[in-house]
Amino acid sequence: MGLFTQLATLPLAPVRGVAWVMERVVEAAENEYYDPAPVERELAELERELLAGDIDEETFDRREDELLDRLDEIRAHVQGTDT
């Protein structure tokens, strides 16, 4: 970038800075949303609740399906960004 270009675009620096920060925030939120660890922990907790008799099998099956669908979504996202 030449000196003239830097001077001409200087008034846009705050906008570029805000855009950069927003990109980092979105990136961090996506990383958290697509982290499989919390879903896997929920599956383990769900199984513990079933074995302890805290929930019935119907509730377990319904919630397990939801969590497995979420894991599929996470895996699809990871495969889509890795290729």
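Modeller: A salt bridge is counted when a side-chain nitrogen of Lys or Arg lies within 4 Å of a carboxyl oxygen of Asp or Glu. Side chains of opposite charge can pair when their charged atoms come close. Please keep in mind that this is a predicted model. In helix 2 (residues 13-33), glutamate 27 and arginine 24 are three residues apart, about one turn of the helix, and their side chains form a salt bridge at 3.6 Å, N to O.

Biologist: How many salt bridges does the structure hold?

Modeller: The structure holds eight salt bridges. One of them joins glutamate 73 to arginine 70 at 3.2 Å, N to O; both residues lie in helix 4, three residues apart. Glutamate 73 is partly exposed at 34% relative accessibility, whereas arginine 70 is buried at 16%. Another joins aspartate 54 to arginine 48 at 4.0 Å, N to O. Here aspartate 54 is exposed, at 53%, and arginine 48 is partly exposed, at 42%.

Biologist: Which residues are linked in a network of salt bridges?

Modeller: Glu42, Arg62, Arg63 and Glu66 are linked in such a network.

Biologist: Where do negative charges gather on the surface?

Modeller: A patch takes in residues with over 30% relative accessible area and no salt bridge. The negative patch here consists of Asp56, Glu57, Glu58, Asp61, Asp65, Asp69 and Asp72. Aspartate 65 belongs to helix 4 (residues 57-82); its relative accessible area of 46% makes it partly exposed.

Biologist: What elements make up the chain, and in what order do they run?

Modeller: The chain has four helices and zero strands, in the order α-α-α-α from the N terminus. Its radius of gyration is 22 Å, well over the 12 Å that the globule rule gives for 83 residues, so the chain is more spread out than a compact globule. Along the principal axes, the C-alpha trace spans about 70 × 25 × 15 Å. Buried residues account for 12% of the 83 residues.

Biologist: How far apart in space are glutamine 79 and glutamate 49?

Modeller: Their C-alpha atoms are 32 Å apart, with a sequence separation of 30 residues. Glutamine 79 lies in helix 4 and counts as exposed, at 56% relative accessibility.

How values were computed. Residues numbered from 1 in each chain as written. Predicted model: local features only at pLDDT ≥ 70, side-chain atom pairs only at ≥ 80, totals over all residues. Heavy atoms only, no water. Patch = residues over 30% accessible without salt bridge, like charges linked within 9 Å, V, L, I, M, F, W, Y side chains within 5 Å. Areas by Shrake-Rupley, 256 points an atom, 1.4 Å probe, with all protein chains shown as cover. Lys, Arg positive; Asp, Glu negative; His and termini not counted. Charge placed at Lys NZ, Arg CZ, Asp CG, Glu CD. Helix = DSSP H or I, 4+ residues; strand = E, 2+ residues; numbered from the N terminus. Buried < 20%, exposed > 50% of the residue type's maximum accessible area, 1.4 Å probe, protein only. Rg over C-alpha atoms; globule rule 2.2 N^0.38 Å.
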